[in-house]
Amino acid sequence: MMRILCSDKTGTLTTAKMTVYPNRIWCAAKDLSQDMVLTFAGLACNPDNVEDPIDSGVLRACNI
């Protein structure tokens, strides 16, 4: 279960677009890979909510 999502929203207020860099994903649980964390984040997103900068950024990174 993800308890905390840390994100830097710099620029979001002006462009309303966030980018997820999969190679920069960090997880405190050492048994989870970057791909697994991104997959879990993608599953937690709402694909119908394309207006949300976080959901759309994560889903683009997941190639969904």
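Hi everyone. Helices here are DSSP runs of H or I with at least four residues, and strands are runs of E with at least two. Counted that way, the protein has 3 helices and 0 strands. Please keep in mind that this is a predicted model.

Let's start with the overall picture. Reading from the N terminus, the elements go α-α-α. The chain has 64 residues, and 23% of them count as buried. The accessible surface is about 5,200 Å², and carbon and sulfur atoms account for 57% of that. As for contacts between residues at least 6 apart in sequence, 36% of them join residues at least 24 apart.

Now to helix 2, which covers residues 34-44. Which of its residues are buried? They are V37, L38, A41 and G42. These four span an arc of only 135° around the axis, so they sit on the same side of helix 2. If you turn to the other side of the helix, you find D35, L43 and A44 exposed.

What do the buried residues of helix 2 pack against? Their partner is helix 3, residues 53-61.

That brings us to the inside of the protein. The largest nonpolar core is made of 8 residues: I25, V37, L38, A41, C45, V58, L59 and A61. Helix 2 and helix 3 each contribute at least two residues to this core.

L59 lies in helix 3. Is L59 buried or exposed? Its relative accessible area is 10%, and buried means under 20%, so L59 counts as buried. Between the C-alpha atoms of L59 and A41 there are 8.5 Å, while along the chain these two residues are 18 apart. The other one is A61, and leaving aside residues up to four places away in sequence, A61 touches V20, P22 and L38.

M36, F40 and L43 make a nonpolar surface patch of about 320 Å². F40 belongs to helix 2.

Note on methods: Residues are numbered from 1 along each chain as its sequence is written. This is a predicted model: local features need pLDDT of at least 70, side-chain atom pairs count only at pLDDT 80 or more; totals for chains, interfaces and linings use all residues. Side-chain values use heavy atoms; hydrogens and water are left out. Buried means under 20% relative accessible area, exposed over 50%, partly exposed in between (1.4 Å probe, protein chains only). The arc is that of the directions from the helix axis to the C-beta atoms. Contact means heavy atoms within 4.5 Å. Patches are made of residues with over 30% relative accessible area and no salt bridge: like charges are joined within 9 Å, nonpolar side chains (Val, Leu, Ile, Met, Phe, Trp, Tyr) within 5 Å. Accessible areas come from the Shrake-Rupley method with a 1.4 Å probe; for residues, only the protein chains shown count as cover. A salt bridge is a side-chain nitrogen of Lys or Arg within 4 Å of a carboxyl oxygen of Asp or Glu. A nonpolar core is a set of buried Ala, Val, Leu, Ile, Met, Phe, Trp, Tyr and Cys residues joined through side-chain atoms within 4.5 Å.
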